[in-house]
Amino acid sequence: MPQNSKRRRWILAALGAALMLFVVAFTQWQAAIKRNRSIPDQPFRIAGNLYYVGSTGITSFLITGPEGHVLIDGGFPETAPLIIGSIAKLGFDIADVKVLLNTHAHSDHAGGLRALQEASGAELWVSEGDADVMAAGGAGDRALGPLGFVGYYLGGLKFSAPRIDHRFKNGETIRLGPIELTAHVTAGHTRGCTSWSFPVRDGDRELLAVDICSLTLFPFVKLVEPEAYPGIRADFENSFGELRSLPADLFLASHGDMFGLKGKLGARTGANNAADPFIDRAGYMNFIDRAESRFREALARQQ
């Protein structure tokens with residue numbers, strides 16, 4: 001009995017130490033992110049009526065049209081003024097943004113939506129899978145595993161909830177004049193993680209742009225029973241297949257490093273057409289393959 005008691009104390013002490021290390025690492029990670037929240041990226045045209053207006057490698061994309069513009073993702077709360085400024089630098093007005101879309105309900109992509117909504121008066125469309133988390137300002141995201149609970153209550157994952165005007169299902173098309181975007185719910189990273197596909201006319205060619213939400217599996221997230229949320233494993237499986245089925249030309253994503261933004265910006269200088277470096281079907285498929293490989297490795301460990 002004394003030996004069992006000693007073992008229990010040792011296990012509790014080890015768990016306590018691990019939790020403390022996790023909290024310290026999370027706090028340092030959040031501090032590093034916070035330092036970068038107010039560093040704007042230079043806005044630029046990617047192709048046709050598609051523009052980059054994001055900051056610090058956390059992307060936001062503007063699609064312009066004669067009846068108003070569409071903006072995908074709002075960055076952190078502190079990022080909203082930078083996005084508004086980037087839109088203005090390109091010669092557009094935030095008041096002409098009529099539709100706000102989102103890839104997923106995390107604070108680095110949804111945190112600025114409320115301020116952008118208030119500045120523009122735009123209507124916000126959110127997937128059914130992410131709408132409740134969005135309406136709760138980031139709370140209740142089970143796809144984050146333990147990180148969600150700790151991160152939310154430490155404040156790093158909280159954001160001011162925007163007004164949700166419309167909820168959509170997988171496969172729905174959002175239209176604004178000639179602009180058409182199709183929602184592909186590629187869940188797993190969050191329950192309603194949405195990748196967006198839309199045509200872009202660049203000169204005499206029509207390109208399909210695909211903005212991948214994310215395929216990241218967070219540490220400690222369970223893919224086996226009891227799953228982090230019911231169906232998370234199947235959601236990831238479906239997401240890999242759904243994205244592979246899209247004939248993507250322009251490879252985009254919710255973070256710049258996912259699609260090699262920095263390198264592609266550099267490659268524009270010597271390109272015949274500034275859009276050419278972003279036409280990257282091979283990179284698109286390679287990103288999905290690598291994400292699935294990491295998923296398979298995590299699943300094998302858990303099994």
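**View A. Helix 7 packs against helix 9.** In this predicted model, helix 7 (residues 232–244) and helix 9 (residues 281–302) pack at an angle of about 165 degrees, and their axes lie 10 Å apart. That makes helix 7 roughly antiparallel to helix 9 (the term covers angles over 145 degrees). Axes are lines fitted to C-alpha atoms, for helices over the stretch in contact, and angles run from 0 to 180 degrees between N-to-C directions. Helices (H or I, at least four residues) and strands (E, at least two) are DSSP runs, numbered from the N terminus.

**View B. Residues of helix 7 meet residues of helix 9.** Among them, F236, F240 and L243 belong to helix 7, while Y284, I288 and F295 belong to helix 9. Contact means heavy atoms within 4.5 Å.

**View C. Strand 1 and strand 2 form a hairpin.** Strand 1 (residues 44–47) runs antiparallel to strand 2 (residues 50–52), joined by three bridges. Two strands pair if DSSP finds at least two bridges between them. R45 stands opposite Y51 in strand 2. Two residues sit between the strands, and G48 takes a positive phi near 50 degrees.

View D. R205 in strand 11 is the bridge partner of D202.

Residues are numbered from 1 along each chain as its sequence is written. Local features need pLDDT of at least 70, side-chain atom pairs count only at pLDDT 80 or more, and totals for chains, interfaces and linings use all residues, while side-chain values use heavy atoms, leaving out hydrogens and water.

Definitions and conventions:
Angles under 35 degrees count as roughly parallel, over 145 as roughly antiparallel, 65 to 115 as roughly perpendicular and the rest as oblique.
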